[in-house]
Amino acid sequence: MGCFCKCTSYFTALELSYCYDRYPIIMAIEQVSDLNHLIPNKLTLVFSVACAVLVAVGNALLRRYKYCQRCDEVPGPPAQFPLFGSATEFFLPPEKILPHVMELYKKYNKKSIIRIWIGPQPWFALGSAESVEVVLSSNKIIDKGPEYDYIHPWLATGLLTSTGSKWHQRRKLLTPTFHFKILEDFVHVFNEQSAILVERLHEKVGQDFDIFPFITLCTLDVICETAMGRHVNAQSQADSDYVKAVYKMSHIIQTRQTQPWLQPDWLFRLFPYGFEQKRCLSILHGFTDQVIRERKIEHKQRTGQQQQKVESPDREECMPKKTRLALLDLLIEASQDGKVLSDLDIREEVDTFMFEGHDTTAAAINWSLFLIGNHPEVQEKVIEELDRVFGSSDRPVTMADLSELKYLECCIKEALRLYPSVPFFSRLVTEDTTICGYDIPAGASIVVMSYVIHRDPTYFPDPERFQPERFFPENVRGRHPYAYVPFSAGPRNCIGQKFAMMEEKVILASVLRRFHVRALDKTTDLPVVTELILRPLDAIRVCLTRRTLLTD
Ligand code: HEM
């Protein structure tokens, strides 16, 4: 630069213009040097960048402050430490968590919506019929929160975990699969598996034992047969690889949801849990894939035979008997040879049924037995009804019987009120929403606390009391439609609700026709824990005696 300045003084204007034409770079440098005074020195530059960063950070902090202030307008426990928020409230033994949640509602809000900070994320826990109505009746608030992410490795994005248009399409496609007519075909599966359960329970008569695993294995057998058309014989072989993988995987999901250090995928993979999950997934997916392959071949053979039947109806008697269809067969039918659903799509739905459809039902049956076993006067009424419907016959339960078992149905409903299998579930709000006068900002998680909602004395006076009469039609009339939501409600409710009620009735009727149940723990002495479902902390201890009415 210095050299260039020196030489310019020796040139005429003409020479200079020639020089500039020849050396455009030199000219540019000259012009820049003229602007030199405009270029900030290093200090100014650093100062300006620092100011810009400060303004940006200040802006972000201000926005965050306003966001937090907005969230804090909803009453709730204060955030103790920035890293944990108010999550420290729940650093308690598992059996103390639900009683503590009930205390929080008493302490913070009569309107039953409380705010909890889980780290930097606000959660709004809804504990009243009025507040959940806004969420559950909405066609917009259907997205699931981040805690469902840990289910994805197993279920991918099946009906339970999918969002947006995928969920809408799948829901439409799968709804007919749970039609009453189709469920009717499953009653014999419920009966067959109940018969095996009853056999196993006979061996326990007179002993004090935990009934929970007996019921759970029975419902696992039911769901395998109805969802996939396959026997896993869980009741006779509880140590099968598939059965063990189902339990291990549920345990891993539950552990990840509650232990923040297992949440980032890269970190999780380094823990033994990560390796264990990989092993379980290969068993679970391998099994479902194999069943899908086999059922597709069977489906092809069946449709071929039906075609033949149409073409030559007189050969009908040579045809094999009607095969029992499973939910999977209906998915294969709906898949239209992969045009509508690929094999992977089918797998995620079948796995979803396996996940959602057995533990939930098992918990509900167990809690019903526990409560009936604690209330002899209720058990008497159930037995009266069973005797009226079945007499001394040992015959299987029919579809017609199910609609007769009205008092038993009230017991099941009341048990689901006090012990909802899914004690809470969540949604993500994608736009600002007003709930009970509070402004809930987009991006927040909403938790529907069915366990709390079901204990609202406005709708259920003396809420801790087990009183099946609450579900007599005359007592239900006029009750807020969202005061009782064990199967969720609205467009994203449980698709398996009717299936579950039928299964519960058949299994409970089968057990109570043969045995008298005595629960060995009082309701007040049995702590509950919320894992993926609501479980007893230890066991549901009962003692069975044979009923004399039936001849075995
Ligand atoms: C007593 C038994 C059951 C209870 C208490 C129950 C409860 C629930 C609840 C509360 C939800 C909403 C969960 C959420 O939004 O995160 C749900 C969803 C679901 N349930 Fe059930 N369930 C039961 C049995 C079943 C059975 C037997 C099946 C299938 C065979 C099933 C399949 C599903 C599916 C696929 C969904 C997702 C629906 C969707 O998002 O569109 N459930 N269930």
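A polar contact here is a pair of N or O atoms within 3.5 Å; within protein, one atom must be able to donate a hydrogen and the other to accept it, and residues adjacent in sequence count only if both atoms are side-chain atoms. The structure is a predicted model, in which local features need pLDDT of at least 70 and side-chain atom pairs count only at pLDDT 80 or more, while totals for chains, interfaces and linings use all residues. Residues are numbered from 1 along each chain as its sequence is written, and side-chain values use heavy atoms, with hydrogens and water left out.

**View 1. Ser250 and the backbone of Val246.** Let's start with a single side chain. Ser250 belongs to helix H12 (residues 241-258); helices (H or I, at least four residues) and strands (E, at least two) are DSSP runs, numbered from the N terminus. A polar atom of the Ser250 side chain sits 2.9 Å from the backbone oxygen of Val246. Ser250 counts as buried because its relative accessibility is 8%, where buried means under 20% relative accessible area, exposed over 50%, and partly exposed in between (1.4 Å probe, protein chains only).

**View 2. Cys494 and the iron atom of the ligand.** Cys494 is the only protein donor of the iron, with its SG atom at 2.3 Å. Donors are N, O and S atoms within 2.8 Å of the metal (3.2 Å for Na, K and Ca); water is not among the atoms, so sites may look incomplete.

**View 3. The shell around the ligand.** How many residues surround the ligand? There are 29, and the closest are Tyr148, Trp167, Arg171, Arg492 and Cys494; a residue is near a molecule or strand if one of its heavy atoms lies within 4 Å of it. By class, 15 residues of this shell are nonpolar, eight are polar and six are charged. For this count, Ala, Val, Leu, Ile, Met, Phe, Trp, Tyr, Cys and Pro are nonpolar, Asp, Glu, Lys and Arg are charged, and the others, Gly among them, are polar. Helix H8 (164-174), helix H16 (343-356), helix H17 (359-374), strand S4 (425-428) and H23 each supply at least two shell residues.

**View 4. Side chains facing ligand oxygen atoms.** Here you can pick out Arg492, with an N or O atom of its side chain 2.7 Å from an oxygen atom of the ligand. For Arg427, a polar side-chain atom is 3.0 Å from a ligand oxygen. Lys144 also takes part, with a side-chain N or O atom 3.1 Å from an oxygen atom of the ligand.

View 5. Strand S1 (residues 113-118) and strand S2 (residues 121-126) run antiparallel and are joined by six bridges; two strands pair if DSSP finds at least two bridges between them. Two residues separate the strands in the hairpin, and Gly119 in the turn has a positive phi of about 60°. Five of the six residues of S1 are buried, leaving the strand mostly covered.

View 6. The whole structure holds 32 salt bridges, each one a side-chain nitrogen of Lys or Arg within 4 Å of a carboxyl oxygen of Asp or Glu. In this one, the closest N and O atoms of Glu348 and Arg170 are 2.8 Å apart. Glu348 lies in helix H16 and Arg170 in helix H8, so the pair ties together parts that are 178 residues apart in sequence. Glu348 counts as buried at 8% relative accessibility, and Arg170 counts as buried at 7%.

View 7. Arg302 and Asp329 form a salt bridge with their closest N and O atoms 3.6 Å apart. Because Arg302 lies in helix H14 (residues 272-311) and Asp329 in helix H15 (residues 327-335), the pair ties together parts that are 27 residues apart in sequence. Arg302 is buried at 15% relative accessibility, and Asp329 is buried at 3%. Salt bridges link Arg230, Glu294, Arg295, Glu298, Arg302 and Asp329 in a network.

View 8. Glu409 and Lys413 meet in a salt bridge (3.2 Å, N to O). Both lie in helix H20 (residues 406-418), four residues apart, about one turn of the helix. Glu409 is partly exposed, with a relative accessible area of 26%, and Lys413 is partly exposed, with 25%. Is Glu414 buried or exposed? Glu414, also in helix H20, counts as buried at 0% relative accessibility. The Glu414 side chain makes a polar contact with the side chain of Arg470 (3.0 Å).
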